[in-house]
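Good morning, and thank you for making time for this presentation. I would ask you to keep the sequence and the model in view while I speak.

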Amino acid sequence: MENKRKQLLTFLSLLVILLVGCGESAEKNTAGENEDAYETAVRKGIDELQSDHFEKATAYFEMALEEEAEGEEAAVLLEQTENYMAARELFEEEKYEAALEKAEAVQKVEDGST
């Protein structure tokens, strides 16, 4: 059981790195441009991901989607962040199999950070 827990913890750590890595490339794409409310909210959400503030990141991605309902980047980041938060919560509850399923869902998001 301890080995499975260590594997899941390692997997969750790697998912954080993936989410942050996706955010860095998005931030580079918007640097120097006039940002609208959507881009600003996405960038702030990514900043919060990089600081491990997942609930704040979720709020910014939701704000971005309020500005631009068809905003694919915000929708993907929101879905990945919500799945990651659910995986962490399940892990803390020692529900390792369910946590692993949610963690794998982070990677399987279409057009998401992989």
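This is a predicted model: local features need pLDDT of at least 70, side-chain atom pairs count only at pLDDT 80 or more; totals for chains, interfaces and linings use all residues.

Let us start with T58, which sits in helix α3, residues 54-67. Is T58 buried or exposed? Its relative accessible area is 10%, and since buried means under 20%, T58 counts as buried. Leaving out residues up to four places away in sequence, T58 touches L78, T81, E82 and M85. L78 and T81 are themselves among the buried residues of helix α4.

A second residue of helix α3 deserves attention, namely A64. A64 is buried as well, with a relative accessible area of 0%. Setting aside neighbours within four places in sequence, A64 is in contact with Y38, A41, V42 and A74. I would also point out the pair A64 and K44: they are 20 residues apart in sequence, and their C-alpha atoms lie 9.7 Å apart in space.

Of the 114 residues in the protein chain, 36% are buried. Among contacts with a separation of 6 or more, 58% join residues 24 or more positions apart.

I turn next to the helix pairs. Two packed helices are described by the angle between their axes and by the distance between those axes.

From α2, the contact draws on A37, Y38, A41, V42, K44, G45, I46, E48 and L49, while α3 supplies F54, K56, A57, Y60, F61, M63, A64 and E67. Sorted by class, this contact of α2 with α3 holds twelve nonpolar, one polar and four charged residues.

Between these two helices lies a loop, and D52 is found in it. D52 has a positive phi of about 60 degrees, although it is not a glycine. With a relative accessible area of 44%, D52 is partly exposed.

The second pair is α2, residues 37-50, with α4. How do their axes cross, and how close do they come? The axes come within 10 Å and cross at roughly 25 degrees. That angle makes α2 roughly parallel to α4. Here too the crossing is described as left-handed. On the α2 side, Y38, V42, I46 and L49 take part, and they meet E72, E73, A74, L77 and T81 of α4. This contact of α2 with α4 has six nonpolar, one polar and two charged residues.

Helix α4 covers residues 72-92, which is 21 residues, and it reaches 30 Å from its first C-alpha to its last. That span is close to the 30 Å expected at 1.5 Å a residue. Which residues of α4 are buried? They are A74, V76, L77, L78, Q80, T81, N83, Y84, A87, L90 and F91.

Helix α4 passes α5 in a left-handed crossing. In this contact, α4 contributes Q80, N83, Y84, A86, A87, L90 and F91, and α5 contributes Y96, A98, A99, K102, A103, A105 and V106. By class, the contact of α4 with α5 divides into eleven nonpolar, two polar and one charged residue.

My last point concerns E94, which is placed in the loop between α4 and α5. Its phi is near 65 degrees, a positive value in a residue other than glycine.

Thank you for your attention.

Terms used. Residues are numbered from 1 along each chain as its sequence is written. Side-chain values use heavy atoms; hydrogens and water are left out. Helices (H or I, at least four residues) and strands (E, at least two) are DSSP runs, numbered from the N terminus. The expected span of a helix is 1.5 Å times one less than its number of residues. Buried means under 20% relative accessible area, exposed over 50%, partly exposed in between (1.4 Å probe, protein chains only). Axes are lines fitted to C-alpha atoms, for helices over the stretch in contact, and angles run from 0 to 180 degrees between N-to-C directions. Angles under 35 degrees count as roughly parallel, over 145 as roughly antiparallel, 65 to 115 as roughly perpendicular and the rest as oblique. A crossing is left-handed if the near helix is turned anticlockwise from the far one by less than a right angle, and right-handed if clockwise. Contact means heavy atoms within 4.5 Å. Ala, Val, Leu, Ile, Met, Phe, Trp, Tyr, Cys and Pro count as nonpolar, Asp, Glu, Lys and Arg as charged, and the others, Gly among them, as polar.
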